[in-house]
Amino acid sequence: MKQAILLLLTILLVLTSCHGGRRDGVAGTGDTLQLKYATLLTIVDYDGYSVASIANPWKKDKVLHTYVLIPRDESGNGEQPASFDGVTGNYSVIHTPIQHAAIFTTVHCSLVMTFGCGNRIAGVADLDYIKIPWIHEQVAKGRIIDCGGGLNPVVEKIIDTKPDIIMLSPFENSGGYGKMEELDIPIMECAEYMESSPLARAEWMKFYGRLFGRQSMADSLFAVVDSSYHALKAQAEKAGPGRSVLVDKLVGSVWYVPGGKSTIGQMIQDAGASYVWESDDHSGSLSLPFETVLEKAGESELWLYRYSSDHAQTLHELLSEYHGYSQLRPFQTGEVYGCNVEKSLFYEESPFRPDYLLCDFIRLFHPDMTELPPLRYYEKLNP
């Protein structure tokens with residue numbers, strides 16, 4: 001089960017709908033927020049409220065979910081307008097700023113804490129996969145409720161959190177959200193992982209900042225991320241071609257490699273590496289047998305992969321997983337770098353701070369660029 005959850009998190013990095021609290025509305029006009037990169041999110045401001053629409057990543061020209069954000073008044077309640085211009089079909093009403101949230105993803109827990117709103121996290125799911133010590137401390141003290149597994153949470157515990165929203169990641173053909181849909185609690189479908197570029201995904205922090213009353217902070221943080229990312233990319237371009245790279249490893253009998261249009265694939269290219277699948281047009285991952293990976297990328301100079309362990313993995317341990325790894329050039333030269341997601345904040349940070357991960361990539365692909373900060377997520381495997 002643990003490997004399945006880890007694989008799910010990985011697919012989310014390299015990469016509907018019944019919902020609580022829905023009503024009907026009428027179309028109108030408003031001021032559209034100009035987003036620089038995000039393509040799946042639209043935010044329109046009207047007099048007294050905002051409308052956020054999330055495009056369905058799996059069904060072209062369809063809407064995944066629409067939310068009406070109503071600011072709270074001094075009493076903590078939001079005055080609902082008599083009618084909502086700009087809203088068609090079904091939608092969920094959310095009063096902002098959110099005071100209590102049940103959050104089912106480690107990355108969104110991390111972002112909410114970055115906003116300084118950790119005390120508004122009332123419940124979490126999949127606690128074993130949240131690598132944030134403070135969250136575990138609060139659960140142990142009874143201040144945050146463990147709602148069980150994300151795919152099958154304990155509804156009674158969700159109710160105990162009294163959340164304004166439930167934040168989770170949607171999946172294609174998920175079949176809905178079961179009993180959660182009966183709670184009349186808005187389900188925030190956090191679909192940013194389906195965006196087509198690292199900065200497009202990160203830009204969703206502007207939306208989440210609005211939800212928690214941290215709009216200015218989120219806008220400023222994204223400006224930093226945007227600027228940092230482009231500055232690093234320019235450094236990599238100036239440095240010239242970097243080393244060739246192979247990414248990830250076998251999961252069972254399949255090797256999932258990032259497609260050329262995936263966020264990881266694009267970051268590899270932005271970092272200046274030579275990547276066999278850089279011309280591939282998949283925005284997700286490719287499922288390949290080991291033989292294909294060996295034939296196409298076995299001579300790569302560098303091998304990066306993610307794993308989950310209570311200790312730093314060695315080359316010997318890696319080889320014990322699959323003897324065929326010994327045929328890979330980077331294994332033979334010792335140029336293998338692992339990211340232990342148990343000991344790093346890779347999944348918590350990198351989706352909204354792609355500049356952090358890009359910096360690691362550049363440092364690895366251009367070893368002569370010693371002026372860059374030390375590696376944040378990856379470390380070289382010992383024999």
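Over the ring of which residue does the charged end of Arg-376 sit? I found the ring of Tyr-356, with the charged end 3.9 Å from its centre. The test I used asks for NZ of Lys or CZ of Arg within 6 Å of the ring centre and within 35 degrees of the ring normal.

Before going on, I noted that this is a predicted model, where local features need pLDDT of at least 70, side-chain atom pairs count only at pLDDT 80 or more, and totals for chains, interfaces and linings use all residues. Residues are numbered from 1 along each chain as its sequence is written, and side-chain values use heavy atoms, leaving out hydrogens and water.

**Entry: ring pairs.** I searched the whole structure and got 21 aromatic pairs. Rings of Phe, Tyr and Trp (its six-membered ring) pair if their centres lie within 6.5 Å; planes under 30 degrees apart are stacked, over 60 edge-to-face, the rest tilted.

I looked at Trp-255 and Tyr-325. Their centres are 6.0 Å apart and their planes stand at 85°, so I wrote down edge-to-face. Trp-255 lies in strand S14 (residues 254-258), and Tyr-325 in the loop between helices H10 (315-321) and H11 (329-333), 70 residues apart. Helices (H or I, at least four residues) and strands (E, at least two) are DSSP runs, numbered from the N terminus. Both residues are buried, meaning under 20% relative accessible area with a 1.4 Å probe, protein chains only. Ring pairs also link these two into a cluster with Phe-290, Trp-303, Tyr-305, Tyr-307 and Tyr-322.

Next came Phe-361 and Phe-365. Here the centres are 5.5 Å apart and the planes at 25°, so the pair is stacked. They are four residues apart in helix H13 (residues 354-365), so about one helical turn separates them. Phe-361 is buried at 2% relative accessibility, and Phe-365 is buried at 1%.

**Entry: the sheet.** I traced five strands in an open, parallel sheet, ordered S9-S8-S7-S10-S11. Strands pair if DSSP finds at least two bridges between them. S9 (145-146) and S11 (187-189) are the edge strands, each pairing on one side only. Strand S10 (residues 165-168) meets S11 over three bridges. Ile-166 has Ile-187 as its bridge partner in S11.

**Entry: cysteines.** How many disulfides does the structure hold? I counted zero, taking a disulfide as two cysteine sulfur atoms within 2.5 Å. Cys-147 is buried at 0% relative accessible area, and Cys-359 is buried at 11%.

Key:
Buried means under 20% relative accessible area, exposed over 50%, partly exposed in between (1.4 Å probe, protein chains only).
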